[in-house]
Amino acid sequence: MPHDISLITTISAGLGLALILGFLCARLKIPALVGYLVAGMLIGPATPGFVADVHLAGQLAEIGVMLLMFGVGLHFSLEDLLAVRKIALPGAVVQIAVATLLGMGVAMWWGWSIGGALVFGLSLSCASTVVLLRALETRGVLESVNGRIAVGWLIVEDLAMVLVLVLLPAVAPMLGGSVAGHEAGGNLWWTLLRTLGQVAVFVALMLVVGRRLFPWLLWQVARTGSRELFTLCVIAAALGIAYGSAKLFGVSFALGAFFAGMVMRESDLSHRAAEESLPLRDAFSVLFFVSVGMLFDPRVIMDQPLQVVAVVLIIIVGKTLAAFGLVLLFRYPLNTALTVSASLAQIGEFSFILAGMGLALDLLPREGQSLILAGALISIAFNSAVFAAIEPAQRWIRARSNLARMLERRDDPLAELPMEVDQAKLTGQVVLVGYGRVGRRIGDALTEQGIPFVVAEQNREIVEALRVQGIPAVSGDAAEPAVLIQAHIANAGMLVIATPDSFHVRQMVEIARTLNPGIETVVRTHSEDEAVLLAQEQVGQVFMGEHELAKGMTRHVLERMGKRTTGAADHH
């Protein structure tokens, strides 16, 4: 047996301490990710006591990055992105530009080089996928319009950062950095062309060959019935593609793993692949954050408090205000603007990857990485508080009618029904809140039966498409009286809330009953506890997905078995 057990020591110390501190953070209502980063700090070289192997931790972090990006690729849905493209694409690009310019401005004011300032600014511009998804899930808004916009925005940010990771080594010599294989006096355009060419060949290979080969391979392994072989296939594909892309095409591990996830998503077994690989992805993502924490020097908070404050203000205030203004500029409701901006008021894994690359390319000074890590720790720790401030901020704004009117821009043509809508459709009609997967099926059924209905939907692109089809629709948050008034709730026969956002259901029902005391209400919910609570509050007829699925399956089974029993009796 070899006596060098530094790998075992590093993993066991990192995971053990991460468990303890992550648990404490969770009890304090702080994201567990903060505990993982602090665990890394405690076993890192900047703090006294036990010091783990930093070199090994760096390699474990690389595996963590691969598996994290593989997970992002597995959940990357082009359809979801296209559904919110008109706000997510320009919004994310402009917000990245604003945050990058703010970061570059303060960094150059501190005397840094333009290359270091650029890496620093880009690192402050991208939010954490892990933190955002968990925050939206905790509040039950991941599947809502607000959640889809935030996730679409994040996907655009991730894609932009992947592009930066590809191009940064090529432009590093021009920015004053150094990288093996690139000389400062070389032809920049040829270097860029060669880099983009390699990436294009890799992407084409993955989209043409990978989309057919890897789902087929996954299916062949699944047919063996071996769970461990299936998990092994998923992990081997993720790490193998990431490693092969780096060695053969000069592409980063992160990009390779991202495309591995994307091609796996094409398989019908993608949900199983995500589920089977989740424990390993979670374990290595913890090691990734622990290894990042090991690089953090906490003395930067004492030595450079003003710089730390500036970084935190850019992340929490600068990014938030930029996103808030952009969402309102696209005429989305106040609640959407507040939710999206709160979601992006932190930085995470891409920031750490960029900072590490900036150091490796001799662009970012060591103190820059410490400032980025300090900003990540503080912004992630305060993200729950930022989300908690949404409701008070909304009430405060709406209490000031002039400010609310200015922000909401009620002159929006999609916020009012067109004058040419048949008035017969606005009496005794169904007001349908939400036109996603559930709402669309309800709408189709109402159309088949010739029952008039008006849609209230936050996604402006859906409202535009419905109006083209001749279906009355109004854009906005149905928790606001003005939206339901525009849907003519006072004359409606029924309110159907098909949106998964159960947080504002009570407000919608209360507004509807105030304007139309005799209206019948139908509500959708995902949680059994929420269903019981809503039923107790007498909000109307409550439907829960799992219950209705069980009823439908039970009805089918009883009908089929009843027919068999009857047939058997007749035969005898």
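Visitor: Which residues does W153 touch, apart from its close neighbours in sequence?
Guide: Leaving aside residues within four places in sequence, W153 is in contact with I87, A88, G91, A92, Q95, A323, L326, V327, V340 and L344. Contact here means heavy atoms within 4.5 Å.

Visitor: And where does W153 sit?
Guide: W153 lies in helix α8, residues 145-171. Helices (H or I, at least four residues) and strands (E, at least two) are DSSP runs, numbered from the N terminus.

Visitor: Is W153 buried or exposed?
Guide: W153 counts as buried because its relative accessibility is 0%. The cut-offs are under 20% relative accessible area for buried, over 50% for exposed, and partly exposed in between, with a 1.4 Å probe and protein chains only.

Visitor: How far is W153 from P90?
Guide: Their C-alpha atoms are separated by 9.0 Å, and W153 and P90 are 63 residues apart along the chain.

Visitor: Before we go on, what kind of model is this?
Guide: It's a predicted model, where local features need pLDDT of at least 70, side-chain atom pairs count only at pLDDT 80 or more, and totals for chains, interfaces and linings use all residues. Residues are numbered from 1 along each chain as its sequence is written, and side-chain values use heavy atoms, with hydrogens and water left out.

Visitor: OK, what about T336, where is that?
Guide: T336 is in helix α15, residues 334-343. With a relative accessible area of 0%, T336 is buried.

Visitor: What does T336 touch?
Guide: Not counting residues up to four places away in sequence, T336 touches N146, I149, V327 and Q458. V327 turned up in the W153 list too.

Visitor: How many residues of α15 are buried?
Guide: 10 of its 10 residues, so α15 is mostly covered by the under 20% rule. Among them are L334, N335, A337 and V340. V340 is also one of the contacts of W153.

Visitor: Where else does a positive phi show up?
Guide: D362 has one, with phi near 60°. D362 is in the loop between α16 (349-360) and α17 (366-388).

Visitor: Are those two buried or exposed?
Guide: R331 is partly exposed because its relative accessibility is 24%. D362 has 52%, so D362 counts as exposed.

Visitor: You mentioned α17. What's in there?
Guide: A385 is one of its residues, and at 44% relative accessibility A385 counts as partly exposed. A385 and K29 are 356 residues apart in sequence, and 9.5 Å apart in space, C-alpha to C-alpha.

Visitor: New topic: which strands pair up?
Guide: Strand β1 (residues 430-433) is joined by four bridges to strand β4 (residues 494-497), and the two run parallel. β4 also pairs with strand β5 (residues 520-525), in the parallel sense over four bridges. Two strands pair if DSSP finds at least two bridges between them.

Visitor: Which residues face each other there?
Guide: V430 stands opposite M494 in β4. The bridge partner of V496 is V522 in β5.

Visitor: How many cavities are there?
Guide: There are two cavities of 30 Å³ or more. A cavity is a set of points, on a 1 Å grid over the protein atoms alone, where a 1.4 Å probe fits but cannot get out, and lining residues have an atom within 4 Å of a point. A volume is the space filled by probe spheres set on the points, which are joined across faces, edges and corners.

Visitor: What lines the second largest cavity?
Guide: T10, A57, L60, L287, V290, S291 and M294. The largest share, four residues, comes from α12. About 40 Å³ of space lies in this second largest cavity.

Conventions. On a 1 Å grid over the protein atoms alone, a cavity is a set of points where a 1.4 Å probe fits but cannot get out, and a pocket is an open set with protein on both sides within 12 Å along at least five of seven lines; lining residues have an atom within 4 Å of a point.
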